[in-house]
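Me: I've got a structure I'd like to talk through with you. Mind if I keep asking how you know things?
Reply: Go ahead, here it is.

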Amino acid sequence: MPDTSPISPISLAGRDFISDLDFSISETEAVLELASRLKQEYRAGKPHPLLRDKTLAMLFFFTSTRTRGSFEAGMAQLGGHAAFIDSDTTQISHGDTAKEIGQIFGRYFNAIAIRQCDWGFGNRYINEVAQHSPAPVLNMQCDVYHPFQILADLLTIREYKGKHLKGRKIAVSWAYAASYQKPISVPQSLIIQLARFGMDVVLAHPPEYTLMPEILQQAEQGARQSGGSFRITHDMDEAFENADVVYPKSWGCMLTTSDLKESAEIGKQYTGWICDERRMALAKPDAIYMHCLPADRGLEVTDAVIDGPQSVVYEEAENRLHVQKAVMAMTMGGVAPA
Ligand code: CP
């Protein structure tokens with residue numbers, strides 16, 4: 001007899017996942033539980049075709065290594081199929097609206113995953129598609145949030161530091177990079193998700209690199225409700241002191257200027273904001289170093305740190321696969337395998 005029991009006592013069937021806060025704490029816990037189970041089964045070579053014959057549209061307006069690879073591999077491992085759709089190859093530039101994408105892809109596919117990071121537009125676009133889609137819409141990163149990255153980060157932190165994160169300090173710090181103006185979605189999602197899971201969240205950045213005021217308020221509110229804490233400093237060293245987790249990465253100063261030349265000039269004042277061995281020594285001896293990748297090596301972080309014993313970046317990247325499979329299985333529907 002096939003096992004047709006629900007994959008989790010909590011149902012997320014048909015739900016969108018666009019903001020980190022779309023799932024309650026108990027729903028997020030259920031996702032992490034399933035992700036851990038799927039990770040164990042994957043490592044043991046045990047198949048888990050929870051989404052047999054189901055399909056996912058992956059609509060990308062922006063480049064990706066990990067997100068594309070992990071969603072595509074994840075859908076195949078769940079017994080379904082993921083269609084990679086580069087927006088440049090669609091008729092979107094010739095007039096297909098967000099409503100039409102929602103209505104049409106939502107009929108072809110069992111879920112629509114979208115990466116649209118354009119500042120001031122991406123989140124609005126994804127929400128508009130969701131408003132018109134009969135199928136769930138999953139945010140593969142927008143200008144405001146990167147919720148799947150932070151689910152993977154949370155799973156990774158729990159694997160290294162335990163499930164009870166109250167009293168654990170994380171330094172979410174800006175770091176210098178020269179490659180491009182990276183979205184602010186990773187630090188924003190980090191502070192709102194980890195504050196509500198009870199961590200002591202310290203956000204460090206030069207004054208020009210502020211995050212969105214409503215996101216800062218959500219982080220403060222989450223910390224108040226969880227018994228954790230949230231504060232901002234402009235001193236990277238101070239943020240690192242006694243931290244259990246350090247997460248230094250670059251982001252753009254979008255809230256200060258939209259001029260790319262000016263933002264590059266602002267960034268050059270802060271080339272000293274790098275994660276090196278001296279700074280790692282300020283954190284706890286067993287602190288872990290995290291980065292969502294890709295990193296600007298030699299600028300955001302030294303090779304000695306990112307390739308060193310405290311770095312968990314590969315485990316973190318792997319966990320993208322497991323949390324995404326859990327969310328897809330729970331939102332797109334599925335039953336436990338035989
Ligand atoms: N961390 C992350 O989202 O990686 P990609 O941009 O390569 O998908």
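Reply: Start with the layout: the protein chain splits into domain 1 (20-146 + 320-332) and domain 2 (147-316). Keep in mind that this is a predicted model.

Me: How far apart are the centres of domain 1 and domain 2?
Reply: Taken over C-alpha atoms, the two centres are 25 Å apart.

Me: What makes you say that domain 1 and domain 2 are in contact?
Reply: Contact takes heavy atoms within 4.5 Å, and 31 residues of domain 1 meet that with 32 residues of domain 2.

Me: Why give an area for an interface at all?
Reply: Because the accessible area lost when the parts come together is often used to state the size of an interface. Here domain 1 and domain 2 bury about 2700 Å² between them, with 63% of it on carbon and sulfur atoms. On the domain 1 side, D20, W119 and H146 lose the most area to domain 2, together 22% of what that side buries.

Me: Why is the pair R158 and E29 called a salt bridge?
Reply: The rule wants a side-chain nitrogen of Lys or Arg within 4 Å of a carboxyl oxygen of Asp or Glu. For R158 and E29 the closest N and O atoms are 2.9 Å apart, so the pair passes. Across the interface of domain 1 and domain 2 the rule finds five salt bridges, and there are also 18 residue pairs in polar contact, both residues at pLDDT 80 or more.

Me: Now the ligand. Which residues surround it?
Reply: The shell is S64, T65, R66, T67, R115, H146, Q149, C292, L293 and R320.

Me: How do you know that both domains contribute to the shell around the ligand?
Reply: Domain 1 and domain 2 each supply at least three residues of that shell.

Me: How much of the ligand's area does the protein bury?
Reply: The protein buries 92% of the 250 Å² that the ligand exposes when taken alone.

Me: And how many residues of the shell are nonpolar, polar or charged?
Reply: Two are nonpolar, five polar and three charged.

Notes:
Residues numbered from 1 in each chain as written. Predicted model: local features only at pLDDT ≥ 70, side-chain atom pairs only at ≥ 80, totals over all residues. Heavy atoms only, no water. Near = heavy atom within 4 Å. Areas by Shrake-Rupley, 256 points an atom, 1.4 Å probe, with all protein chains shown as cover. Nonpolar A, V, L, I, M, F, W, Y, C, P; charged D, E, K, R; others polar. Domains from an automatic or database assignment. Buried area = accessible area lost by both parts, 1.4 Å probe. Polar contact = N/O pair within 3.5 Å; in protein donor to acceptor, adjacent residues only side chain to side chain.
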